[in-house]
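Trainee: Could you go through this model with me? I'd like to know what sits behind each label.

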Amino acid sequence: MKWRALTLVPLLSALPAAAADDLYTRSFAGVDGGRPCYLRVYDSAHLKSHPKQTVRRIFIDFDVNVRSDETRKNGPDNFEAGIGFMLKRSPEWYGQALSCKTAGDRFECFLEADGGTLTLTPQGDALRLDVAGGRDSDIHAEGEKDFGSFGKRGGDDRVFILPRGDRAVCDAAFPK
């Protein structure tokens, strides 16, 4: 009996990594050819009924083959994605790179240059984005002309459900 218990130890220790890899594959690397775009666009009626919401468009963008550090590959323990958003006050896109890792049933991400932290939780074919870091935290990023932010205390944009969307929207926001 002793040998059976010993052979289970390596198998059990491999489970968390496999589960993390699975979540990453189901949400990012194995979706839409490894290039999913999770996107939400709010119409005027929605924004009118939510006056404290400042975001009118928002997306999470991922390409399994793109990473600023070319010596590493994207994987469940460390991957790069991007966030883009448009505010009610401007037609300008604001965007920033995200550094993410799998953490249980979700992904923990931070924006480069102290742009804030967020969690992404898979929900079917969508991601739930939650601004993290406490009540006084927000997300901020640079646009072409100025900086934009969302998620401030008292606002109505700390949580978003982002269904998979049209890849062309993500690609057009920040053309290369």
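This is a predicted model: local features need pLDDT of at least 70, side-chain atom pairs count only at pLDDT 80 or more; totals for chains, interfaces and linings use all residues.

Trainee: How do you know which parts the predictor is confident in?

Mentor: By pLDDT, the predictor's confidence in each residue, from 0 to 100. The protein averages 89, and 89% of the residues score at least 70. Confidence is lowest in helix H1 (residues 2-29), with a mean of 62, and highest in strand S6 (residues 116-123), at 98. Over residues 1-15 the pLDDT is below 50, and beyond near neighbours in sequence that stretch has zero contacts in the model; a contact means heavy atoms within 4.5 Å.

Trainee: What makes something a helix or a strand here?

Mentor: They're DSSP runs, numbered from the N terminus: H or I over at least four residues for helices, E over at least two for strands. By that count the protein has three helices and 10 strands.

Trainee: Why is a set of residues called a nonpolar core?

Mentor: Because its members are buried Ala, Val, Leu, Ile, Met, Phe, Trp, Tyr and Cys residues joined through side-chain atoms within 4.5 Å. Buried means under 20% relative accessible area (1.4 Å probe, protein chains only), and 41% of the 176 residues pass. The largest core has 32 residues, with Phe28, Ile60 and Ile83 making the most contacts inside it. Strand S3 (residues 79-87) supplies the largest share, five residues. Another core, of seven residues, lies apart from it and includes Phe59, Met86, Trp93 and Cys170.

Trainee: And what makes a space a pocket?

Mentor: On a 1 Å grid over the protein atoms alone, a pocket is an open set of points with protein on both sides within 12 Å along at least five of seven lines; lining residues have an atom within 4 Å of a point. The largest pocket has a volume of about 500 Å³, volume being the space filled by probe spheres set on the points. By the lining rule 23 residues qualify, and Asp61, Val66, Ala81, Gly82 and Lys176 lie nearest its centre. S3 gives the most to that lining, five residues.

Definitions and conventions: Residues are numbered from 1 along each chain as its sequence is written. Side-chain values use heavy atoms; hydrogens and water are left out. Buried means under 20% relative accessible area, exposed over 50%, partly exposed in between (1.4 Å probe, protein chains only). On a 1 Å grid over the protein atoms alone, a cavity is a set of points where a 1.4 Å probe fits but cannot get out, and a pocket is an open set with protein on both sides within 12 Å along at least five of seven lines; lining residues have an atom within 4 Å of a point.
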